[in-house]
Amino acid sequence: EGDIVENGVRRRPSTGNDHVQEDGLQGGETIFPRAITTDYHDGVKVEPQSGKAILFYNVLPDGNMDDLSQHAGGKVEKGVKYVANVWIWDPILN
């Protein structure tokens with residue numbers, strides 16, 4: 001209930017990743033391989049910081065999926081990384 005379903009696909013317009021980890025973590029970046037900024041055109045890596053969050057939009061204003069929001073977790077080289085995802089859904093509007 002409350003999820004957007006369009007052509008049989010559920011729409012999640014935004015995602016939040018809350019980072020919680022031990023001190024001394026190495027690696028474990030959230031990687032956006034298709035992201036483009038004014039400084040970088042080959043993707044973006046966001047280093048996890050305890051108590052910080054990443055919020056990004058998965059859907060464009062026209063309702064189509066945003067391919068630039070594709071993301072993955074990088075390999076943790078040392079320590080343990082914990083992430084709590086918060087998925088934010090749009091209500092169905094009739």
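Is F56 buried or exposed? F56 is buried, because its relative accessible area is 8%; buried denotes under 20% relative accessible area, exposed over 50%, and partly exposed the range in between, with a 1.4 Å probe and protein chains only. The structure is a predicted model, in which local features need pLDDT of at least 70, side-chain atom pairs count only at pLDDT 80 or more, and totals for chains, interfaces and linings use all residues. Residues are numbered from 1 along each chain as its sequence is written, and side-chain values use heavy atoms, with hydrogens and water left out.

**Confidence**

- The mean pLDDT of the protein chain is 78, and 74% of its residues reach 70 or more; pLDDT is the predictor's confidence in each residue, on a scale from 0 to 100.
- Strand β1 (residues 4–6) has the lowest confidence in the protein chain, with a mean of 54, whereas strand β9 (residues 76–78) has the highest, at 93.
- Where pLDDT is low, the predicted coordinates should not be read in detail.

**Overall architecture**

- The protein chain contains zero helices and 10 strands, where helices (H or I, at least four residues) and strands (E, at least two) are DSSP runs numbered from the N terminus.
- Read from the N terminus, the order of elements is β-β-β-β-β-β-β-β-β-β.
- Of the 94 residues in the protein chain, 26% are buried.
- Among contacts (heavy atoms within 4.5 Å) with a separation of 6 or more, 75% join residues 24 or more positions apart.
- The protein chain exposes about 6900 Å², and carbon and sulfur atoms supply 50% of that area; accessible areas come from the Shrake-Rupley method with a 1.4 Å probe, and for residues only the protein chains shown count as cover.

**Aromatic pair**

- The count of aromatic pairs comes to one, under a rule that pairs rings of Phe, Tyr and Trp (its six-membered ring) if their centres lie within 6.5 Å, and that calls planes under 30 degrees apart stacked, over 60 edge-to-face and the rest tilted.
- F32 and F56 form this edge-to-face pair, with 5.0 Å from centre to centre and 80° between the planes.
- The pair links distant parts of the chain, since F32 belongs to strand β5 (residues 30–32) and F56 to strand β7, 24 residues apart.
- F32 is buried, because its relative accessible area is 8%.

**Loop between β7 and β8**

- S69 lies in the loop between β7 (53–57) and β8 (72–73), and S69 counts as buried because its relative accessibility is 9%.
- Setting aside residues up to four places away in sequence, S69 touches F32, F56, Y57 and N58.
- L68 is found in the loop between β7 and β8, and L68 is partly exposed because its relative accessible area is 40%.
- Apart from neighbours within four places in sequence, L68 contacts F32, R34 and A35.
- L68 and P33 are separated by 35 residues in sequence and by 7.8 Å in space, C-alpha to C-alpha.

**Strands β5 and β8**

- T30 is placed in strand β5 and counts as buried, because its relative accessibility is 4%.
- G73 is placed in strand β8 and is exposed, because its relative accessible area is 59%.
- T30 and G73 are 43 residues apart in sequence, with 4.7 Å between them in space, C-alpha to C-alpha.
- G73 and V46 are 27 residues apart in sequence, with 9.7 Å between them in space, C-alpha to C-alpha.

**Nonpolar surface patch**

- L55, Y57, V86 and I88 form a nonpolar patch on the surface, with about 390 Å² of accessible area together.
- The elements giving two or more residues to the nonpolar patch are β7 and β10 (81–88).
- Patches consist of residues with over 30% relative accessible area and no salt bridge, with like charges joined within 9 Å and nonpolar side chains (Val, Leu, Ile, Met, Phe, Trp, Tyr) within 5 Å; a salt bridge is a side-chain nitrogen of Lys or Arg within 4 Å of a carboxyl oxygen of Asp or Glu.
- L55 lies in strand β7 and counts as exposed, because its relative accessibility is 53%.
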